[in-house]
There are 2 protein chains.
Amino acid sequence: MAAEQEAVSNKRVILSNYVTGFPKESDMKITSGSIKLKVAEGSKDTVLLKNLYLSCDPYMRWRMSKLDRPSFVDSFHPGEPINGYGVAKVLDSTHPKYAKDDLVWGSTGWEEYSLVTAPQLLIKIQHTDVPLSYYTGILGMPGVTAYAGLYEVCSPKKGEYVYVSAASGAVGQLVGQFAKLAGCYVVGSAGSKEKMLDAVLLNMRLRGRIAVCGMISQYNLEKPEGVHNLEQLIGKRIRLEGFLAGDYYHLYPKFLELVIPAIREGKMVYVEDIAEGLENAPAALVGLFTGRNVGKQLVAVA
Amino acid sequence: MAAEQEAVSNKRVILSNYVTGFPKESDMKITSGSIKLKVAEGSKDTVLLKNLYLSCDPYMRWRMSKLDRPSFVDSFHPGEPINGYGVAKVLDSTHPKYAKDDLVWGSTGWEEYSLVTAPQLLIKIQHTDVPLSYYTGILGMPGVTAYAGLYEVCSPKKGEYVYVSAASGAVGQLVGQFAKLAGCYVVGSAGSKEKMLDAVLLNMRLRGRIAVCGMISQYNLEKPEGVHNLEQLIGKRIRLEGFLAGDYYHLYPKFLELVIPAIREGKMVYVEDIAEGLENAPAALVGLFTGRNVGKQLVAVA
């Protein structure tokens, strides 16, 4: 099919330079490349994706910096497309696990089409009666973060009090709902200028657990703000624990068993903030750090 | 026995005033009262102690402040004797569990003789072939703190690395030895002026555990110093957990089974810094916070 092998244009979001301080739209630029919509003959285990939705996540800020010490993420490369979580359709595949027209979510590029040579980072989407965009949020990494942070790291008991910071964000809005499902009382806050963690420590109860998946207010500071009330940990026997969703993907089937029916039955709701078009992706990403979004920020590519 | 009912003098260390900032010797004063060396007839469950050793512990600094919010300890009362952990001999008792000449350790007053009306806080000493002063340290609260913090809170595995801050203190010198017994590699530091915890966070390994039993460098500050590197918790999945020895006294028999033979066989050693006489107790307590002591600071009363 000669037509399929003709190159088409491929709009991309490129990191212009390493970022210090708050990221600006001008730290990224939109460029146009070209791509053949077919995996080249002889390329093993390669998948060609048409990206449908791209996820704007706070951890991406770390990748925009030149990281000078080992971290759980790598820096983006200036001059190359940003990458992150997304939802995509398989256009072509030489990997036995993926076939044309499969829908997947996972690691992809900020561009119209991505050639993925590590498709083991893609999860096949089984349930398509829910909005596909949900796989960047409630059914994707933020969903697993909320689920694992609450149920696995904090092990809540019925009747306990759960406080959620950044409660209107991609993860926060889910923690509150999971806590309700567990029979807990929920208090949340969002967009506060207070030293959140210090205030939380003063108000924690005995043997409280704090799961830490991110510290969005700190990512753009040359030096993070100090936390002054850690003494509270001792007398109250508080546990403060960092975690990453990536350590809990083995629970994804169990997670879906809980969440898919809850969505279908309206027991869980999810607020999204969808920017239309790759052109608007840089503004959407930058907006995370000024708190412009209400709910999960994502980009609809098409 | 008429002689027994004559009052004898009872030297005491009184808190003069609530303390702010670094405690000074002049925040305490030595006074002399009098006491009859017999529990008054009709006093139920009361024990009269002759104090032998008094323990100087960093947490006592909290009790010298006027605490304006609930805490796991109460403030001392100006004008009254300080109290804390000590080793004592029972002179008289109306409590069925304690008899004359029993040796005990636990909560007592900073004075020559104490009338204790809550003797349930006293533990009877069974092993007297080791120095009695050890029951303020390796065989007392600091010992249980080191044991519980390492074995119960951190659950070390053979071959792991253990870092001990304040490694020359009452607790720190034991953590290193317990870690060795568990087959771990040990690194320690003491007396550093660096922002200890921030440096530790940068150097922690993946899935490291930090047990926090105290923050001696912070107790005298109007506002504790900030900890800036808590972001490290996330990528490294670090757990930071506060705990109190008091939650682990049910393990004391098991603890003794490990430690008593280790002392007898010379497998564990313990460095003490003993001030002689109640007159020197205020200086000994104050010295904790300037790092004057090497090893466990205590006071020999007699």
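Start by selecting A:Ser32, which sits in strand E2 (residues 28-36) of chain A. Strands here are DSSP runs of E with at least two residues, helices are runs of H or I with at least four, and both are numbered from the N terminus. Before you click on, note that this is a predicted model: local features need pLDDT of at least 70, side-chain atom pairs count only at pLDDT 80 or more, and totals for chains, interfaces and linings use all residues. Residues are numbered from 1 along each chain as its sequence is written, chains are lettered from A and ligands numbered from 1 in the order in which they are written, and side-chain values use heavy atoms, with hydrogens and water left out.

**Stop 1: a residue on the outside**

Is A:Ser32 buried or exposed? At 55% relative accessibility, A:Ser32 counts as exposed. The cut-offs, using a 1.4 Å probe and protein chains only, are under 20% relative accessible area for buried, over 50% for exposed, and partly exposed in between. Now show what touches A:Ser32: if you skip its neighbours within four places in sequence, you get A:Ser9, A:Asn10 and A:Lys11. Contact here means heavy atoms within 4.5 Å. For a sense of scale, select A:Leu206 too: its C-alpha atom is 56 Å from that of A:Ser32, and the two residues are 174 apart along the chain.

**Stop 2: a residue on the inside**

Next, pick A:Phe178 in helix H3 (residues 172-181) of chain A. This one is buried, because its relative accessibility is 0%. Which residues surround A:Phe178, leaving aside neighbours within four places in sequence? Its contacts are A:Gly143, A:Ala146, A:Tyr147, A:Leu150, A:Tyr151, A:Phe255, A:Leu258, A:Val259 and A:Met268.

Hop over to chain B and find B:Gln177, which is in helix H3 (residues 172-181) of that chain. B:Gln177 is buried as well, at 16% relative accessible area. Beyond four places in sequence, B:Gln177 touches B:Lys267, B:Met268 and B:Val269.

**Stop 3: two helices crossing**

Stay in chain B and colour helix H2 (residues 141-154) and helix H6 (residues 252-264); their axes come within 11 Å and cross at roughly 95°. So H2(B) is roughly perpendicular to H6(B). The axes are lines fitted to C-alpha atoms, for helices over the stretch in contact, with angles from 0 to 180 degrees between N-to-C directions. Angles under 35 degrees are called roughly parallel, over 145 roughly antiparallel, 65 to 115 roughly perpendicular, and the rest oblique.

To see the contact itself, show B:Gly143, B:Val144, B:Tyr147, B:Tyr151 and B:Glu152 on H2(B), then B:Tyr252, B:Lys254, B:Phe255 and B:Leu258 on H6(B). They divide into six nonpolar, one polar and two charged residues. Nonpolar covers Ala, Val, Leu, Ile, Met, Phe, Trp, Tyr, Cys and Pro; charged covers Asp, Glu, Lys and Arg; the others, Gly among them, are polar.

**Stop 4: where the chains meet**

Zoom out and show both chains: 33 residues of chain B are in contact with 33 residues of chain A. Together the chains bury about 2900 Å², 61% of it on carbon and sulfur atoms. Buried area is the accessible area (1.4 Å probe) that two parts lose on being put together, summed over both. On the chain B side, select B:His228, B:Glu231 and B:Ile234, which lose the most area to chain A, together 24% of what that side buries.

**Stop 5: salt bridges**

How many salt bridges cross the interface of chain B and chain A? There are six, each with a side-chain nitrogen of Lys or Arg within 4 Å of a carboxyl oxygen of Asp or Glu.

- B:Asp247 and A:Arg237 form one, at 2.6 Å from N to O. B:Asp247 is in the loop between strand E11 (239-242) and H6 of chain B, and A:Arg237 is in the loop between helix H5 (232-236) and strand E11 (239-242) of chain A, so the pair joins two chains. B:Asp247 is partly exposed at 22%, while A:Arg237 is buried at 16%.
- A:Asp247 and B:Arg207 form another, at 3.5 Å from N to O. A:Asp247 is partly exposed at 21%, and B:Arg207 is partly exposed at 43%.
- B:Arg239 and A:Glu241 meet at 4.0 Å, N to O.
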